[in-house]
Amino acid sequence: MGRNTRKRRTPLATKVIAGAAALAIGGGGLVWANFYASAHEENGGHNATKSGQVRVATINCPDVGQKLTKVPRKARWGVARELARLDRQITDAYTRLAETRQAQAGDANYVDNAILGPLKDKRVATLDRININIKRAGGQERDLNRFARCQGVPAEQPADGDGGQDGGGQNDGGQNDGGQNDGGQDGGQNGGGQDNGGQAGNGPVADDFIRIEDVQPGTRNLPNGLPANGDTGSTGSFTTVCGTNENALRNSDNVIVAPGVSNGAQHQHDYVGNQANNAFASDEDLANGDTSCQNQGDRSSYFWPVLRIQDGTQDIDQGQPGGGQDGNVGKIVAPTAAELKFVGNRTSDVVAMPRALRIITGDAKAFTNGLNNANTAWSCTGFEDRQVTDKYPICPEGSGVVRTTSFQSCWDGQNTDSANHRTHVAFVGGDGACPNGFQAIPQLQVRLVYDNIPAPQIDNGQLVNPYAVDTFPEQLHKPITDHNDFINFFDEDLMNEMVECINSGRDCQ
């Protein structure tokens, strides 16, 4: 396991809330529910590069993993390896895109012919192997080749949330209204004289930041998820103390999404809690692993992408997978506080989480996937009634950066995971109740504080010492891609104690 390894636009969150009224309050978390339902037309958006004057900023491909809602259990590891291969193909294509700006400037068809065409061919072969894995395990073959084609996204246009293809299936990405912009610390240094900003040329840019004082107050959801206005439900809480990753335990794996694949995440994660978490860890490995939590009955794994300060320096993973090789550069900073709290449901008691339950909240690919699964909240200490989704906050002196995440808190009562790692859990509805067929479970809320991040400066539209969350390279380090992961390994007695505490209205630790 790796160690230590200017033009102002209307904020994206404002557009989304005004246009789709999709932000619901319930269970203490931001409920991002179906911002868009296939807002694009089938097969639209394939006009990637119309002229040499239109610069392609990034590459948008359908997220096949989110389409696969039904995969036989025996096929999931093999399918996961092929999905990771698709991710690597996109990374390689994006790298080629960034390295050939001069050739693109002289040839209007270069991106289509030299980058997107070969990428489609590779994806077809990989999608065929996914179907083979599914058929061998007794599953039904699907028309996956319709997800093979990718599109180049010009810097002047937002990304289409589904790669311009027919979505199909559950949790498909919709459109992403977040624009893309040039600039940044290294702006104007690559090939054709343009890049996507940032120390590695793949973000962030000045337009990704906002002064927290410029954010309207009153955007904070109900505190702690407790009932309000006469609601009845489970009002207690349970806090587990697991440190701030003082052990510098990091790797670029993701045992949930890419089991058995080294560097399956292509970005570094901070881990607290379980110390055995890597791509090859079995449930037994995790159940028997050491834990950083004070209560040794909590061997759960809590992990999130690291933050880096792009100050021109490099960390220990310079030139390594998940680090410099994947466009994640700068100095890694661990949180100065990591608060992990489980709360109840506004309308009912909660039931115990099953052992090895896996939950992913947010979307590491939200910039190109769209906002269906986005679940991001950025703020500053002292200003936490103001939260933003598509911007990194610039905090005033004496105030620290805050990342807050509220997980899905409804479980289907049967599965500890699902093929797309989404459909076995759900958010509560606007009334605080779980969907039909789902049971309320304790809701994990994670609050990370960074008092060690200097405020970035913006000078004539250029960034000086920005910070950014680690991402897949083509996601351009957008704040909307923040996400969080959890695997439950509370022992049975401690889980039952948590449930009883929450249902009886007590605050426990």
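This briefing describes salt bridges, a charged surface patch and some backbone features of the structure above. The model is predicted, so local features need pLDDT of at least 70 and side-chain atom pairs count only at pLDDT 80 or more, whereas totals for chains, interfaces and linings use all residues. Residues are numbered from 1 along each chain as its sequence is written, and side-chain values use heavy atoms, with hydrogens and water left out. A search of the whole structure finds 19 salt bridges, a salt bridge being a side-chain nitrogen of Lys or Arg within 4 Å of a carboxyl oxygen of Asp or Glu.

**Lys365 and its surroundings**

- Lys365 lies in the loop between β13 (358-362) and α7 (366-369), where helices (H or I, at least four residues) and strands (E, at least two) are DSSP runs numbered from the N terminus.
- The side chain of Lys365 forms a salt bridge with that of Asp63, at 3.9 Å from N to O; this pair links distant parts of the chain, 302 residues apart, with Asp63 in the loop between β3 (56-60) and α2 (64-67).
- Lys365 is buried, with a relative accessible area of 15%, and Asp63 is buried at 12%; buried means under 20% relative accessible area, exposed over 50%, and partly exposed in between (1.4 Å probe, protein chains only).
- Leaving aside residues up to four places away in sequence, Lys365 touches Asp63, Asp87, Phe472 and Gln475, contact meaning heavy atoms within 4.5 Å.
- The C-alpha atoms of Lys365 and His477 are separated by 10.0 Å, although these residues are 112 residues apart along the chain.

**Other salt bridges**

- Asp470 and Arg308 meet through their side chains in a salt bridge of 2.7 Å, N to O; because Asp470 lies in the loop between β23 (467-469) and β24 (483-487) and Arg308 in strand β10 (residues 307-309), the pair ties together parts that are 162 residues apart in sequence.
- Both Asp470 and Arg308 are buried.
- Asp214 forms a salt bridge with Arg211, in which the closest N and O atoms are 3.1 Å apart; Asp214 counts as partly exposed at 38% relative accessibility, and Arg211 counts as partly exposed at 40%.

**Negative surface patch**

- Asp491, Glu492, Asp493 and Glu497 form a negative surface patch; patches are made of residues with over 30% relative accessible area and no salt bridge, like charges being joined within 9 Å and nonpolar side chains (Val, Leu, Ile, Met, Phe, Trp, Tyr) within 5 Å.

**Backbone features**

- The peptide bond from Gly203 to Pro204 is cis, with omega near 5 degrees, and Pro204 is placed in the loop between β4 (151-154) and β5 (209-211).
- Asn263, although not a glycine, has a positive phi of about 60 degrees; Asn263 is found in the loop between β7 (250-251) and β8 (269-273) and counts as buried at 12% relative accessibility.
- Gln266 lies in the loop between β7 and β8 and has a positive phi near 60 degrees, in a residue other than glycine; Gln266 is buried, with a relative accessible area of 1%.

Note on methods
Accessible areas come from the Shrake-Rupley method with a 1.4 Å probe; for residues, only the protein chains shown count as cover. Lys and Arg count as positive and Asp and Glu as negative; His and the chain ends are not counted. The place of a charge is taken as NZ of Lys, CZ of Arg, CG of Asp or CD of Glu.
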